[in-house]
Amino acid sequence: IFLALFFIYCGGDGDDNGEETKIQGDKFNSGGSIGDLLIYTLDTNNLLYSYTIIESSFGLNGQSASGSLIANPDGTYSPTSDPKSHIILVKNKNQANVFIVGSAKVNSSDMYFAGVPQITTNYTPEEIEGVYNYISFECSDPVQNNQCTSGYGAYYGSFKLYADGTWDSCSDGDWGVNVACSDTASGTWSDNGNGTISVQIAGGTTIGTAMLVPSANGGKIIVVDLKDRPPDAGPGLFIGVKKTDLSGEDLSGAYKYVSTEGYYGTATVPDPAQSSDPNTYQIVDTDPNGQTTTKSGTITRNTPWNGWLKLDDVSSYSYALILPGEGVFLYLDPNDNTWIGMGGTP
């Protein structure tokens, strides 16, 4: 089926009372890793957050929570009740908010969320259309008794949104170009007029709700909340970024990320003006117990196709998506599809 989408969920340490605390801050249309559509509010001035779940594949419709935050020295935020969790507010080169990701404890479980700045009006087709590369994280089978009993898997590929309200997708391959797809799908999309887009599979069944950062020449970042999709697939989270030729782009930066295994870290790409080889990277990864590991290696651009980076270290490799100028960083290990990492430059 279409996008194996990668949404992450936000949790709280405060008033889980079904009524969102009205705080002043930036609102983000977001998706959760368990298949929830939510509105997340971040008040960085007063260090507060809140969220309300709008739709849920797990019976959590209408649930709200709020709480206070810790401002970390590295530019990220953590709920005061769970300092090991991190919320990353990604800013572009113009210091505008473009993306938010995070992790939190919800009912003693680690949950993840991702979102884009809230838009409350319609999009134009020109702001949406384009070719995107994606990473997703989804329940491998339909939900049973409000639970994902089969576990989650990570996937990648590409897709195209057309201005006429249709789409095509390509799993594990480059849409319409030169890398074969392991599976393809198609369908339609429709603008809901409130900053969200309904995504339908061929035949008319709605499989997800999309939110994006638009631009005059097509969308830049898209987040899709995948619904439970019996009989073939369960709910999940999907994140796509505009397909871009990275051959001549400046990729330097310190990209903060959270992973769906509870890890938090920083992936650093050196400034070409200060490095003899800008096609290198270093990742410092911290596990849930606070233990850190460091790995480094080389970057191969536009591999496995345009818009991707192959990160090689001594013993393995991973694939990453960086959207130049927007600060977004996503990655996964194509040989171990049990996790994804997401974040960017705070």
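## Close-up views of a predicted model

**View 1. Val-131 meets its partner in a neighbouring strand.** Val-131 has Lys-160 of S10 as its bridge partner. Strand S9 (residues 130-139) and strand S10 (residues 152-161) run antiparallel and are joined by three bridges; two strands pair if DSSP finds at least two bridges between them. Strands here are DSSP runs (E, at least two residues), numbered from the N terminus. This is a predicted model, in which local features need pLDDT of at least 70 and side-chain atom pairs count only at pLDDT 80 or more, while totals for chains, interfaces and linings use all residues. Residues are numbered from 1 along each chain as its sequence is written, and side-chain values use heavy atoms, with hydrogens and water left out.

**View 2. Eight strands close into a barrel.** Follow the order S9-S10-S11-S12-S13-S14-S15-S16, with antiparallel pairing. On average, neighbouring strands of this sheet are turned by 30 degrees against each other, direction ignored; the axes are lines fitted to C-alpha atoms, and angles run from 0 to 180 degrees between N-to-C directions.

**View 3. Cys-139 and Cys-148 form a disulfide.** A disulfide is a pair of cysteine sulfur atoms within 2.5 Å, and here the S to S distance is 2.1 Å. Which hand does this disulfide have? The torsion about the S-S bond is about 100 degrees, so the disulfide is right-handed. Cys-139 is buried at 0% relative accessibility (buried means under 20% relative accessible area, exposed over 50%, partly exposed in between, with a 1.4 Å probe and protein chains only).

View 4. Cys-170 is buried, with a relative accessible area of 0%, whereas Cys-181 is partly exposed at 34%.

**View 5. Nonpolar residues line the second largest cavity.** The lining includes Ala-267, Tyr-281 and Phe-329, and its residues divide into eight nonpolar, no polar and no charged. Ala, Val, Leu, Ile, Met, Phe, Trp, Tyr, Cys and Pro count as nonpolar, Asp, Glu, Lys and Arg as charged, and the others, Gly among them, as polar. Strand S18 (264-269) and strand S21 (308-312) each supply at least two lining residues. A cavity is a set of points on a 1 Å grid over the protein atoms alone where a 1.4 Å probe fits but cannot get out, and lining residues have an atom within 4 Å of a point.

How values were computed
Helices (H or I, at least four residues) and strands (E, at least two) are DSSP runs, numbered from the N terminus. On a 1 Å grid over the protein atoms alone, a cavity is a set of points where a 1.4 Å probe fits but cannot get out, and a pocket is an open set with protein on both sides within 12 Å along at least five of seven lines; lining residues have an atom within 4 Å of a point.
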